[in-house]
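Welcome! Please take a look at the sequence and the 3D structure below, and then walk through this short briefing.

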Amino acid sequence: MSKGNIRLLGDTLAKARAEDRAALVAYLPAGFPTVDGGIEAVKAVIAGGADIVEVGLPHSDPVLDGAVIQTADDIALRGGVRIADVLRTVREAHEATGAPVLVMTYWNPIDRYGPERFAAELAEAGGAGCILPDLPVQESALWREHADKHGLATVFVVAPSSRDARLATITAAGSGFVYAASLMGVTGTRESVGNQAQELVRRTRATTELPVCVGLGVSNAVQAKEVAGFADGVIVGSAFVKLLLDAPDLPAGLAAVRELAGELAEGVRRS
């Protein structure tokens, strides 16, 4: 049984820090626009400059995803995407690129699949870990036991509403990095949301040595540069998915996501 790639994830984040930049973390759902197309899209964002990729496990009842990602998930689910396809996406993307690949998923599909089985198969596929946005830390011991056994990171999500004591509980349980969530443009002007995210990163760092990566509705190089000024990683999802949704065909979509990844990779360089 191969160990997972949590060490590769840590090394990748450390390398970005050593280069005085934030890591670029890209999110794409598995099975979109097809399973094969989704694998090619992951390879394209890495070729363009993404350091780390989160592969989304499409779910019929998303609580955190906006309309763009929900649309892509619907396409993937209608196409019949299964957990086996998600694992295949991780395997082929990691084998082709050597980059750390995580799965971002709601808890229910893993719970039904079997946490031990999922952890073992994700590690065997070369996965680096899981981002679990809706798994309460106090209910996560079983998953973390299996993740640790297989060398997988368990990434939890913190939000501006998380109080300091809660932040400390969450970061103590997590590994790999902390996902700091705050949506650009929803709670006011972009500047004030940027300030809110910056404050969340500051409060989170006070509780942990783990890198803090921000998912903020970042969609362009200017925003990426702003977030890179205070975070260890910049997470971009909807902007990539929208390019694939809007593209006339898959080759055009792949070219577009690769180009955006290149622009964002420039943006996360702080100098």
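How many cavities of 30 Å³ or more does the structure hold? The structure holds one such cavity. This is a predicted model, in which local features need pLDDT of at least 70 and side-chain atom pairs count only at pLDDT 80 or more, while totals for chains, interfaces and linings use all residues. Residues are numbered from 1 along each chain as its sequence is written, and side-chain values use heavy atoms, with hydrogens and water left out.

**Confidence**

- The protein chain has an average pLDDT of 92, and 93% of the residues score at least 70; pLDDT is the predictor's confidence in each residue, from 0 to 100.
- Over residues 184-190 pLDDT stays under 50, and the model has 13 contacts for them beyond four places in sequence; contact means heavy atoms within 4.5 Å.
- Where pLDDT is low, the predicted coordinates should not be read in detail.

- The largest cavity has a volume of about 70 Å³. On a 1 Å grid over the protein atoms alone, a cavity is a set of points where a 1.4 Å probe fits but cannot get out, a pocket is an open set with protein on both sides within 12 Å along at least five of seven lines, and lining residues have an atom within 4 Å of a point. Points are joined across faces, edges and corners, and a volume is the space filled by probe spheres set on them.
- Among the residues lining the largest cavity are Tyr-27, Asp-65, Asp-73 and Thr-105.
- By class, this lining has five nonpolar, two polar and two charged residues (Ala, Val, Leu, Ile, Met, Phe, Trp, Tyr, Cys and Pro count as nonpolar, Asp, Glu, Lys and Arg as charged, and the others, Gly among them, as polar).
- Thr-105 lies in the loop between β3 (101-104) and α5; helices (H or I, at least four residues) and strands (E, at least two) are DSSP runs, numbered from the N terminus.
- Thr-105 counts as buried because its relative accessibility is 1% (buried means under 20% relative accessible area, exposed over 50%, partly exposed in between, with a 1.4 Å probe and protein chains only).
- Beyond four places in sequence, the contacts of Thr-105 include Leu-57, Ile-110 and Cys-130.

**The second largest pocket**

- The second largest pocket has a volume of about 330 Å³. Of its 13 lining residues, Leu-57, Pro-58, Ile-83, Pro-109 and Arg-112 are the closest to its centre.
- Helices α4 (83-97) and α5 (107-113) each supply at least two residues of this lining, and α5 gives the most, with four residues.
- The lining of the second largest pocket has eight nonpolar, three polar and two charged residues.

**The nonpolar core**

- The largest nonpolar core has 95 residues, and Val-45, Trp-143 and Val-234 are among those with the most contacts inside it. Such a core is a set of buried Ala, Val, Leu, Ile, Met, Phe, Trp, Tyr and Cys residues joined through side-chain atoms within 4.5 Å.
- Helix α2 (residues 35-48) gives the largest share of this core, seven residues.

- Thr-12 is found in helix α1 (residues 6-18) and is buried, with a relative accessible area of 13%. Beyond four places in sequence, Thr-12 is in contact with Asp-51, Ile-52 and Pro-100.
- Arg-7 is also found in helix α1, but Arg-7 is exposed, with a relative accessible area of 67%.
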